[in-house]
Amino acid sequence: MVRELDAVERIGVVGAGTMGSGIAQVAATSGYDVVMRDVEEAFVESGFESIENSLGRLVDRGSIDEEEADAVVDRIEGTTDLAALSDCDLVVEAVVEDMDVKQDVFADLDGAVDRDVLLGTNTSTLSVTTIASATDHPDRVVGLHFMNPVPVMEGVEVVVGEKSSDGAVELAHAFAEDLGKETWEADDKPGFVTNRILMPWINEGIRAFDEGVATKADIDRGMKLGTNVPMGPLELADHVGLDVCLHASETLHEELGDRYKPAYLLKRKVDAGDLGKKTGTGFYEYD
Ligand code: CAA
């Protein structure tokens, strides 16, 4: 059994990176008190910086006023202590995409919060069932897969693990909807809906560039103008992070076979440390 949405007031977010800080921001914007935890003070501070930047953009475009932006930040408590999550009513994990690390976090969370607290994982490709197996109560674990940038993207993918209870799945949808998002549901199969389809698209864009089908700009323009998506595959790879794309592609390749093989050039760029926007160089250059 997990709590009903009416009893959810305080949200725990584990991981203050791009996704974790985005989740903390949207939860606080919807009026929840949030505890955002990372392993080092510097990561927590950097999470707050991202939140302040993002809120600044929302103030600039008139979506919220400065007072509201300050109130959002005030509702978020930063910490490095996992025990600070003990009075949370729902926890979302958004740490690095590494099964061992995620399982350690879930094993710790299982002991740190009450039995009826939903534990959501923001994993993009790893198995929710395997993550949940690190706990004594896998029925309360579900995938809550937010999209990047979290404050802007309208959708959240709810992933149903082998042992996820109906109540946990229902609460995951209700919570995401309460954050102003729309949801869809996927079974716990590699990559779920989004990354199972998105990663081959990105890899094919990279291969098309590597094989000289068109310039990178024309590949992105072609897909944007030709299919009405906001970013072409190379731009989107840079936005998501090439390391994230490679890791997701490798997981899909391992689980689903050769049709998911990552593009050679993707691997070469990650090896060279060119990870996209975040390092200033990916398929494009950034200030
Ligand atoms: N916080 C707040 N506002 C933001 C923001 C952020 N982090 N990022 C962008 N915005 C706002 C901008 O301020 C801007 O507002 P105005 O229109 O009022 O000026 C608006 O969003 C549009 O931004 P930009 O003008 O900078 O650029 P854009 O029009 O290209 O939009 C984008 C940027 C929203 C990222 C858009 O390009 C887009 O939707 N791209 C696709 C993103 C996508 O597919 N994400 C999913 C990736 S897959 C994933 O996340 C899953 C996974 O597991 C890997």
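Trainee: Why are H1 and H2 called oblique to each other?

Mentor: The axes of helix H1 (residues 18-29) and helix H2 (residues 41-60) cross at roughly 55 degrees and come within 9 Å, where axes are lines fitted to C-alpha atoms, for helices over the stretch in contact, and angles run from 0 to 180 degrees between N-to-C directions. Angles under 35 degrees count as roughly parallel, over 145 as roughly antiparallel, 65 to 115 as roughly perpendicular and the rest as oblique, and H1 and H2 are therefore oblique. The helices are DSSP runs (H or I, at least four residues), numbered from the N terminus. This is a predicted model, in which local features need pLDDT of at least 70, side-chain atom pairs count only at pLDDT 80 or more, and totals for chains, interfaces and linings use all residues. Residues are numbered from 1 along each chain as its sequence is written, and side-chain values use heavy atoms, with hydrogens and water left out.

Trainee: Which residues make the contact of H1 with H2, and how do they divide by class?

Mentor: Ser21, Ala24 and Gln25 of H1 meet Gly47, Ser50, Ile51, Ser54, Leu55 and Leu58 of H2, contact being heavy atoms within 4.5 Å. These residues divide into 4 nonpolar, 5 polar and no charged, with Ala, Val, Leu, Ile, Met, Phe, Trp, Tyr, Cys and Pro counted as nonpolar, Asp, Glu, Lys and Arg as charged, and the others, Gly among them, as polar.

Trainee: What makes H2 roughly antiparallel to H3?

Mentor: The axes of H2 and helix H3 (residues 66-74) cross at roughly 160 degrees and come within 10 Å, and that angle makes H2 roughly antiparallel to H3. On the H2 side the contact uses Phe48, Ile51, Glu52, Leu55 and Val59, and on the H3 side Glu66, Ala69, Val72 and Val73; by class there are 7 nonpolar, no polar and 2 charged residues.

Trainee: Why are H10 and H11 called oblique?

Mentor: Helix H10 (residues 242-256) and helix H11 (residues 264-271) pack at an angle of about 130 degrees, with their axes 9 Å apart, and H10 and H11 are therefore oblique to each other. Their contact has 5 nonpolar, 1 polar and 3 charged residues.

Methods: Helix = DSSP H or I, 4+ residues; strand = E, 2+ residues; numbered from the N terminus.
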